[in-house]
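Welcome, and thank you for coming along on this tour. Open your viewer, get your selection tool ready, and follow the stops in order.

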Amino acid sequence: SMTYLRNKESIFVINSEEHNKSLHKIKCGVFDFNTNKWNNSTISKEKFININPNESGICANHDENEVVLVDQKKVTGKYDFYKEKWNMFGDDTSYDNIYCKPPEIWFDNEYVNLLYCAGVIDKGDNK
């Protein structure tokens, strides 16, 4: 998974490997198009998270100091570049899933602290 960081002329890349059904081993980094190299200071240590980046929407916030993931169960992960840390929000016990992999997520320029997420809600057998 990756997202373009327009202001930095870089891409944020997540390498993900399934560890078990609910955990994914990930490693993140930033590739700088100006230098044509990986930015060594941004390459994270391996970490286990309970969200699959390959089936998640991904985008950077307005200031490009955080990257956000949202999966089809609405579990949200946020990577903070300054703290070099992932924070996870929500759980996967929600009854309504977003019926697309990955959902589309984005921030806009007017409401910079509001994360938008688009997808179709799957109501299970009550479709």
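**Stop 1: two loops**

Begin by selecting Lys-74, which sits in the loop between β7 and β8 (76-80). Please keep in mind throughout that this is a predicted model. Lys-74 has a positive phi of about 70°, although it is not a glycine. Is Lys-74 buried, partly exposed or exposed? Its relative accessibility is 34%, so Lys-74 counts as partly exposed.

Now select Glu-84, found in the loop between β8 and β9. Glu-84 is not a glycine either, and its phi is positive, about 50°. Glu-84 counts as exposed, at 52% relative accessibility.

**Stop 2: a four-stranded sheet**

Switch to a cartoon view and colour the strands β6, β7, β8 and β9. They make an open sheet in the order β6-β7-β8-β9, with antiparallel pairing. Which strands are at the edges? They are β6 (56-60) and β9 (85-89), each of which pairs on one side only. On average, and ignoring direction, neighbouring strands of this sheet are turned by 20° against each other.

Zoom in on β6 and its partner β7 (residues 66-71). The two strands pair in the antiparallel sense over five bridges. To follow the pairing yourself, select Ser-56, whose bridge partner in β7 is Asp-71. Then select Gly-57, whose bridge partner in β7 is Val-70. The hairpin of β6 and β7 has five residues between the strands, and Glu-64 there takes a positive phi near 60°.

Stay with β6 and show its side chains. In a regular strand, side chains alternate between the two faces of the sheet. In β6, Ser-56, Ile-58 and Ala-60 point one way, while Gly-57 and Cys-59 point the other way. How many of the residues of β6 are buried? Five of the five are buried, so β6 is largely enclosed by the rest of the structure.

**Stop 3: the largest nonpolar core**

In soluble globular proteins, nonpolar side chains tend to be buried together. Here, the largest nonpolar core has 16 residues. Select Phe-12, Ile-14, Leu-69, Phe-81 and Trp-86, the members that touch the most other members. Next, colour the strands β2 (10-18), β3 (24-32), β6 and β7, each of which supplies at least two residues of this core. Which strand gives the most? That is β3, with three residues.

Centre the view on Trp-86 and show what surrounds this residue. Leaving out residues up to four places away in sequence, Trp-86 touches Ile-14, Ile-26, Cys-28, Lys-47, Ile-49, Leu-69, Gly-77, Lys-78 and Tyr-79.

The charged end of Lys-8 sits over the ring of Phe-81, 4.7 Å from the ring centre.

**Stop 4: a buried charge-bearing name to check**

Select Asp-32, in strand β3. Is Asp-32 buried or exposed? At 18% relative accessibility, Asp-32 counts as buried. Setting aside neighbours within four places in sequence, Asp-32 is in contact with Lys-8, Glu-9, Ser-10 and Lys-37.

**Stop 5: aromatic rings**

For the last stop, show the aromatic side chains. Across the whole structure there are eight aromatic pairs. One of them is Phe-31 with Trp-38: the ring centres are 5.3 Å apart and the planes are at 75°, so this pair is edge-to-face. Phe-31 is buried, with a relative accessible area of 16%, whereas Trp-38 counts as partly exposed at 42% relative accessibility.

Finish with Trp-106 and Tyr-116. How are their rings arranged? Their centres are 5.4 Å apart and their planes are at 10°, so the pair is stacked. Trp-106 lies in strand β11 (residues 104-106) and Tyr-116 in strand β12 (residues 116-118), so the pair ties together parts that are ten residues apart in sequence. Trp-106 counts as partly exposed at 38% relative accessibility, and Tyr-116 is partly exposed too, with a relative accessible area of 24%.

Definitions and conventions. Residues numbered from 1 in each chain as written. Predicted model: local features only at pLDDT ≥ 70, side-chain atom pairs only at ≥ 80, totals over all residues. Heavy atoms only, no water. Phe/Tyr/Trp six-rings, centres within 6.5 Å; stacked < 30°, edge-to-face > 60°. Buried < 20%, exposed > 50% of the residue type's maximum accessible area, 1.4 Å probe, protein only. Lys NZ or Arg CZ within 6 Å of the ring centre and 35° of its normal. Pairing = 2+ DSSP bridges. Axes fitted to C-alpha atoms, helices over the stretch in contact; angles between N-to-C directions. Core = buried A, V, L, I, M, F, W, Y, C linked by side-chain atoms within 4.5 Å. Contact = heavy atoms within 4.5 Å.
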